[in-house]
Amino acid sequence: MPELLAYLHDQYQSGEALAQQLGISRAAVWKQVEALRMAGYPVQSQKGKGYRLIPGTPTPAALEAIRSGSFGAFYAYLGTTGSSQDVLKNWALDGAEEGSVVLVERQEKGRGRRGRPWASEPGHSLTFSVLLRPQLPLSTLPWLALVAGLALCEACGVGRLKWPNDLLAATPGAGGESLTYRKLAGVLLEAQVSGEEAAYVILGIGLNVNRAARKQLGAAYLDEFVVASRVQVLAGFLERLEARYAQLHHDLEGVLRDYKARCLTLGQQVRVSTPQGEIGGLAVDVAPDGSLLVEASDRTHQVSAGDVQLVGVV
């Protein structure tokens, strides 16, 4: 990767100043800028001012300046790659420590739950993965994805959760009488299980932060609701995830209570697509194991995995 990346930040610097710092020519600076852009890094240029990264870019230096806790202490900031999940999986197999984070500006093979693609545009979204090595019963592992959704909700300060962990943001519908819910973020959990233990868990996060030139159909963007800096949102999420993750080890009841308070799904008529077929009914509760309880006809279904559609909610 061009050495120039380590010298760029959110303030403009002239090509001459950067050339002096690097000990190269201005032409060489320009070439490195173009290489960074091709690699997916959000470098801006302005005549008479020079070059900078889009403000809020989560470089290692920017994150380290505001990070608290241990999550993110080992952090890789990449331009373009296949998937942050795949990169971190390889590092997990090599013994990477818990709390390690890989963030990618542009994923070529980004994926969400059930293999759905997740698009990202450099400088506008946060697409990253976090490594966990939980000392928890396997029955508790589904809660890690729910906890990640809860941490996202807390870090963003907007939205509510659609079970299990989609973060939805509400905007007034036509006439201002009803609310329209659009997807702001999602979580993907992938785990390596051996016997009765999880060797590791990788949480993949996709969050739309700044409105992109090519908006995704039906997507919401955080900067529609609050002033959003990507690096600040990332640091806030890692802090909240670490706190909620620790709480999960000793206070599952408290996590469950706080999750349910932010869960849009509860009290709604739903249709849930499961491996066993579709279930329709009223979502009434979240069980201690993280599954969704749906009342349908004369029985209650306990859904541990499935895609939820909120009936009557746009």
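Author: Just after H4, Gly95 takes a positive phi of about 95°. The helix that Gly95 follows spans residues 84–93, and this is a predicted model, so read it as such.

At the other end, H4 has a cap: Ser83 sits at the N-terminal end, with a side-chain oxygen 3.1 Å from the backbone nitrogen of Gln85. Gln85 turns up again among the buried residues of H4, which are Ser84, Gln85, Val87, Leu88 and Ala92. Because these cover an arc of only 165° around the axis, they end up on the same side of H4.

So what lies over that side? The cover of the buried residues of H4 includes the strands E3, E4, E5, E8 (179–194) and E9. Those strands belong to an open sheet of seven, with mixed pairing, in the order E3-E4-E5-E9-E8-E7-E6. E3 (75–81) and E6 (160–162) are the edge strands; each has a single partner strand, so one side of each has no neighbour in the sheet. From one strand to the next, the twist averages 25°.

Now for the E3 end of that order. E3 pairs with E4 (residues 101–107) in the parallel sense, over six bridges. One detail of the pairing: Thr80 has Arg106, in E4, as its bridge partner. Another helix packs on the sheet too: H6 (residues 230–248) touches E3, E4, E5 (125–132) and E9 (197–208), and its direction makes about 30° with that of E5. That puts E3, E4, E5 and E9 in the list for H6 as well as in the cover of the buried residues of H4.

Pro164 is in the loop between E6 and E7 (166–172).

E1 (residues 43–46) and E2 (residues 50–53) run antiparallel and are joined by four bridges, with Ser45 opposite Tyr51 in E2. Ser297 isn't a glycine, yet its phi is positive too, at about 55°. You'll find Ser297 in the loop between E12 (292–296) and E13 (299–303), and at 83% relative accessibility it counts as exposed.

How values were computed: Residues numbered from 1 in each chain as written. Predicted model: local features only at pLDDT ≥ 70, side-chain atom pairs only at ≥ 80, totals over all residues. Heavy atoms only, no water. Pairing = 2+ DSSP bridges. Helix = DSSP H or I, 4+ residues; strand = E, 2+ residues; numbered from the N terminus. Axes fitted to C-alpha atoms, helices over the stretch in contact; angles between N-to-C directions. Contact = heavy atoms within 4.5 Å. Buried < 20%, exposed > 50% of the residue type's maximum accessible area, 1.4 Å probe, protein only. Arc of directions from axis to C-beta. Polar contact = N/O pair within 3.5 Å; in protein donor to acceptor, adjacent residues only side chain to side chain.
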